[in-house]
Amino acid sequence: MSPRTDAAGPAGPAPVAAGPCPPWLDRLAAAVADPRHNRAFEGMIEPGADARHSAVLALFGEGPQGPDVLLTQRAATLRAHAGQVAFPGGRIDPGDAGPAAAALREAHEEAGVDPAGVLVRAECAELFLHVTNFRVTPVIGWWHTPSALVPGDPAEVERVVRVPLAELADPANRFVVSLRDRRSGPGFEASGLFVWGFTAGVLSWMLNLAGLEQPWDTTRVLPVPEQQMHRPARQELRRDLSEQQGLDVQDVSGPDEVDVS
C-alpha cells in the first residue's frame, strides 16, 4: 500500500530512530502501574461478564516538533463514531498474545506502524465502556524506530497524525467538551483535530502522570462538532448519560474508539 496524503501533507522523508525512552515516558510507565493513579476512572460502570476485550495503543515518539503521539481520525462515512479521533486499536482477537500484541496489530493495520520499531513500556489497567460492553486496555509504547505513516482502509481511516505533545499540553488548545448542553469531559484542538471522549480523557490523564500537563481553563467550554454527532439524538444522549455516570471534567467520558459494528 502506498502512503496517502493527509491534511498535513505527504508522508515526506523516511523517519529516523528516536533513541532511548525520555524521562517523562519512564515516569508515565511507572505511574500507570500504581493503582492510586487509576482513581480518575472509578466512576466508570463495569460491563457484564460477557464484555468484549480490546486494546488501544498510546504510541509516543520523537517527531520533527518534539515528543508526539499517534492519533487516527475515523472516516466521515462510518456508521458509528464518524470523523472522531482515536488511538489505534480494536478487539483482542483469539490469535493475539494479549493486549499489547492486539494494539500493535491494529496500529499496523490502521496506520502502517511496524511493530518491530515499537518498545512496549506498559499495559494500563482495564477501562470500562459499559454501554458498548467493552473492557479496554491502553498500551503505552515508545516509537524508537518510526515507520512512514500509511493510513489503512480509507473507508475506515481518514487520517493518521503525529500530534506534538506541546500542542496538546498548550492551555490555549484545551477546554471542556459540551455534548448536547452537558459537560462531557476534557477536549483538545491540535494538528487540525478535535479530540474528545475516551481518547481525550486518557490523553489528559497521561499528560498529567508524565508531568507534562499545564494549568488550563476548565471553564472554557466548546461543543462537539456537528459532523461527529452521527447517531440520533435520543440514542446518543442515552449512551453518554450512562457512560458519564460518576465522572467529572478530569475523567474519561463520551464515545469510545473501539469499533462495535
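**A chat about the predicted model**

Biologist: Let's jump in: is serine 191 buried, partly exposed or exposed?

Modeller: Serine 191 is partly exposed, because its relative accessible area is 22%. Buried means under 20% relative accessible area, exposed means over 50%, and partly exposed is what lies in between, with a 1.4 Å probe and protein chains only.

Biologist: And where does serine 191 sit?

Modeller: In the loop between strand S10 (182-190) and strand S11 (193-195). Serine 191 also has a positive phi of about 50°, although it is not a glycine. Helices (H or I, at least four residues) and strands (E, at least two) are DSSP runs, numbered from the N terminus.

Biologist: Before we go on, what kind of model is this?

Modeller: It is a predicted model, in which local features need pLDDT of at least 70 and side-chain atom pairs count only at pLDDT 80 or more, while totals for chains, interfaces and linings use all residues. Residues are numbered from 1 along each chain as its sequence is written, and side-chain values use heavy atoms, with hydrogens and water left out.

Biologist: What's the mean pLDDT of the protein?

Modeller: The mean is 80, and 75% of the residues reach 70 or more. pLDDT is the predictor's confidence in each residue, from 0 to 100.

Biologist: Which elements have the lowest and the highest mean pLDDT?

Modeller: Helix H5 (residues 233-243) has the lowest, at 40, and helix H3 (residues 165-169) has the highest, at 98. Over residues 232-261, pLDDT stays under 50, though the model has 94 contacts there beyond four places in sequence. Residues 1-13 also stay under 50, with 18 such contacts. Contact means heavy atoms within 4.5 Å. Where pLDDT is low, the predicted coordinates should not be read in detail.

Biologist: Which residues make the contact?

Modeller: Arg27, Leu28, Ala31 and Val32 from H1, and Trp205, Met206 and Leu209 from H4. By class, that gives six nonpolar, no polar and one charged residues. Ala, Val, Leu, Ile, Met, Phe, Trp, Tyr, Cys and Pro count as nonpolar, Asp, Glu, Lys and Arg as charged, and the others, Gly among them, as polar.

Biologist: What about serine 204, buried or exposed?

Modeller: Serine 204 is buried, because its relative accessible area is 2%. Serine 204 lies in helix H4 (residues 197-209).

Biologist: New topic: where's aspartate 68?

Modeller: Aspartate 68 is in strand S2 (residues 66-74). It counts as buried because its relative accessibility is 3%.

Biologist: Which residues does aspartate 68 touch?

Modeller: Leaving out residues up to four places away in sequence, aspartate 68 touches Leu59, Phe60, Gly61, Glu62, Gly63, Arg162, Val163, Pro164 and Leu165.

Biologist: Last one: valine 56, buried or exposed?

Modeller: Valine 56 counts as buried, at 1% relative accessibility. Valine 56 is in strand S1 (residues 52-63).
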